[in-house]
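Student: Could you take me through one part of this model in close detail, and then show me how that part sits within the whole? I would like the cut-offs spelled out as you go.

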Amino acid sequence: MQTVFNVQTRGQGLYEFTRQVTAWVSEQGRDTGLLTLFVRHTSCSLLIQENADPEVQTDLRNFFHRLVPPTTDPSMSYLTHTYEGPDDMPAHIKAAMMPVTLSIPVSGGRPVLGTWQGIYLFEHRNAPHHRQVAAHLAA
């Protein structure tokens, strides 16, 4: 069982799509299994993260911005891949540091997530993007 989730972003940040994933898994009628999610892009990531306090997402975005600033920052002058904008190569670096796939057990026809866990696409580019996340549910 496979599908693709479309996530529209508005720039850097975390975009939760837990409800879409949970609804699709439920529709498959499978009580148990393993859900694999894979983002089909090289400048964003997937995360399971707290979904109760939006400050968590703000702090994560700010931390990774400080860790890997844009190429206009003097500390990034060693980078050579700069022609796609000052956020492009830093986005690739962030995506290399964070997961692009997630494996989530399914039980009772639902993804097994903790009380405050949500599934997020972490957009690393400044401009809005249309992102695709491939999903596979195995028995």
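Tutor: Happy to! Contact here means heavy atoms within 4.5 Å. This is a predicted model, in which local features need pLDDT of at least 70 and side-chain atom pairs count only at pLDDT 80 or more, while totals for chains, interfaces and linings use all residues. Residues are numbered from 1 along each chain as its sequence is written, and side-chain values use heavy atoms, with hydrogens and water left out.

Helices (H or I, at least four residues) and strands (E, at least two) are DSSP runs, numbered from the N terminus. Ser45 has a relative accessible area of 0%, so it is buried; buried means under 20%, exposed over 50%, and partly exposed in between, with a 1.4 Å probe and protein chains only. Setting aside neighbours within four places in sequence, Ser45 is in contact with Val39, Lys94, Ala95, Met98, Pro99, Tyr120, Leu121, Phe122 and His124. With His124 there is also a side-chain to side-chain polar contact of 2.8 Å. Such a contact is a pair of N or O atoms within 3.5 Å; within protein, one must be able to donate a hydrogen and the other to accept it, and residues adjacent in sequence count only if both atoms are side-chain atoms.

Lys94 and Ala95 lead us on to helix 3 (residues 88-97), where they are buried along with Asp88, Pro90 and Ala91. These residues cover an arc of only 160° around the axis, and therefore lie on the same side of helix 3; the arc is that of the directions from the helix axis to the C-beta atoms. The buried residues of helix 3 pack against strand 4 and helix 2 (54-67).

Met97 also belongs to helix 3. Because its relative accessibility is 45%, Met97 counts as partly exposed.

Stepping back, the protein has 3 helices and 8 strands, following the pattern β-β-α-β-β-α-α-β-β-β-β along the sequence. Its C-alpha trace spans about 55 × 30 × 20 Å along the principal axes. Of its 139 residues, 40% count as buried. Among contacts between residues at least 6 apart in sequence, 80% join residues at least 24 apart.
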